[in-house]
Amino acid sequence: GAGLAPKGMEKSAKKGAGLAPKDAEIPLQSTNTGSLDEQRRALACLEQYKAAFADFSAKKPSKEELQMAGRKCYRADHEARKLMLQQKQALNQQSGADQPADWPAGWAGWGAPCGVAVGQVFPDRASLVVLGVHKETMKGIASSMHSGHSFVQSIVLSGGYENDDDRGESLEYTGEGGNDFLGSKGQTQDQKLERGNLALANCVVHCVAIRVVRRVSQHELRYDGLYNVTRWRWDRAVPHAPAVVLNPKVLKYSLQRQPGQPR
């Protein structure tokens, strides 16, 4: 069940938390990993993205050209992602209008993405979006609303939080917010039970499995399958630290990999 808040943290968990009640309707979780033909199409889609990325990289405009176009930056990965969505070449999109008409419809965003094999390596975050594995290009937690409540669909482990504990088959995941990514890289503010953190907590009681993606190099990421979120709790950024030390509150989530998946 849901984790208990340490003494002094109960109000943070209850005030405006909006946790989904036990009788809330849960989202449909896909178990369709795809046929061999669909897996081949997914691989072809990934190769198509790589080709588009290479093309946009070769066309990178100069600073002067960007200024003339009124743009501050140019990202080949974002341009490739947008092109594939516009041309309806992306797969496993929650909006069926953004994918080929003959690709399996009705994908709600939860569960196994059709055609994507566990262990598949992706060149960057944008390619995850194109295959429907993780829809956020920046955020580590991707969630959506279902019947008035939010549930997580996927997370990306990128080492952004100092006290994550990843043991492969199981992991302790730190919620989002309060981290000084551009400065000290440490936790400087309390986290809140809202947005992605709230959506993760909702997955505990309602047994909503989430996709886990791990960073395997500076740019590459690997889809590692479905995990159950078994517990959530409040903790401190630095457990057992002296009371005089700045030690913000953080949310911790226990995840366990579902059995029977390829390693």
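This report walks through the fold of one protein chain, from its overall layout down to a few single residues.

**The big picture**

Keep in mind that this is a predicted model. Starting at the N terminus, the order of elements is α-α-α-α-β-α-β-β-β-β-α-β-β-β. The chain has 263 residues, and 46% of them count as buried. If you take the contacts in the chain with a separation of 6 or more, 64% are between residues 24 or more positions apart.

**Helix 2 and helix 4**

Let's begin with helix 2, which covers residues 36-58. Its 23 residues should span 33 Å at 1.5 Å a residue, and the C-alpha atoms at its ends are 33 Å apart, so the two values agree. Which residues of helix 2 are buried? They are Glu38, Ala42, Cys45, Leu46, Tyr49, Ala52 and Phe56.

Helix 4 spans residues 76-86 and is mostly covered, with eight of its 11 residues buried. Those buried residues are Ala76, Asp77, His78, Glu79, Ala80, Arg81, Met84 and Leu85. They pack against helix 2 and against helix 5 (125-130). After helix 4 comes Lys88, with a positive phi near 60 degrees.

In soluble globular proteins, nonpolar side chains tend to be buried together. Here, the largest nonpolar core has 29 residues, and the ones that touch the most other members are Phe122, Leu128, Val130, Leu131, Val133, Val213 and Tyr223. Helix 2, helix 4, helix 5 and strand 7 (221-236) are the elements that give two or more residues to this core. Helix 2 gives the most, with six residues. Apart from this core lies another, of 27 residues, including Ala24, Ile155, Leu157 and Val229.

**Helix 6 and the strands around it**

Helix 6 (195-205) is another mostly covered helix, with nine of its 11 residues buried. The buried ones are Gly196, Asn197, Leu198, Ala199, Leu200, Ala201, Asn202, Cys203 and Val204. They pack against strand 2 (141-146), strand 3 (149-157), strand 5, strand 6 (210-215), strand 7 and strand 8 (249-257). Arg195 also lies in helix 6, but Arg195 is exposed. Following helix 6 is Cys207, whose phi is positive, near 55 degrees.

Gln191 and Thr174 are 17 residues apart in sequence, and their C-alpha atoms are 9.7 Å apart in space. Strand 5 itself (residues 170-174) includes Ser170. Leaving aside neighbours within four places in sequence, Ser170 is in contact with Asp165, Leu255 and Gln256.

**Four residues side by side**

Here is how four of the residues compare in relative accessible area, where under 20% counts as buried and over 50% as exposed.

| Residue | Relative accessible area | State |
|---|---|---|
| Ser170 | 16% | buried |
| Gln191 | 3% | buried |
| Asn92 | 4% | buried |
| Arg195 | 58% | exposed |

Two of these have something else to show. Most residues other than glycine have a negative phi. Asn92, however, has a positive phi near 55 degrees, and Arg195 has a positive phi near 50 degrees. Asn92 sits in the loop between helix 4 and strand 1.

How much space lies in the second largest pocket? The volume comes to about 250 Å³. There are 18 residues lining this pocket, and the closest to its centre are Thr33, Ala112, Val118, Leu226 and Gln261. What is the lining made of? The lining has nine nonpolar residues, nine polar ones and no charged ones.

Terms used: Residues are numbered from 1 along each chain as its sequence is written. This is a predicted model: local features need pLDDT of at least 70, side-chain atom pairs count only at pLDDT 80 or more; totals for chains, interfaces and linings use all residues. Side-chain values use heavy atoms; hydrogens and water are left out. Buried means under 20% relative accessible area, exposed over 50%, partly exposed in between (1.4 Å probe, protein chains only). Helices (H or I, at least four residues) and strands (E, at least two) are DSSP runs, numbered from the N terminus. Contact means heavy atoms within 4.5 Å. The expected span of a helix is 1.5 Å times one less than its number of residues. A nonpolar core is a set of buried Ala, Val, Leu, Ile, Met, Phe, Trp, Tyr and Cys residues joined through side-chain atoms within 4.5 Å. On a 1 Å grid over the protein atoms alone, a cavity is a set of points where a 1.4 Å probe fits but cannot get out, and a pocket is an open set with protein on both sides within 12 Å along at least five of seven lines; lining residues have an atom within 4 Å of a point. Grid points are joined across faces, edges and corners, and a volume is the space filled by probe spheres set on the points. Ala, Val, Leu, Ile, Met, Phe, Trp, Tyr, Cys and Pro count as nonpolar, Asp, Glu, Lys and Arg as charged, and the others, Gly among them, as polar.
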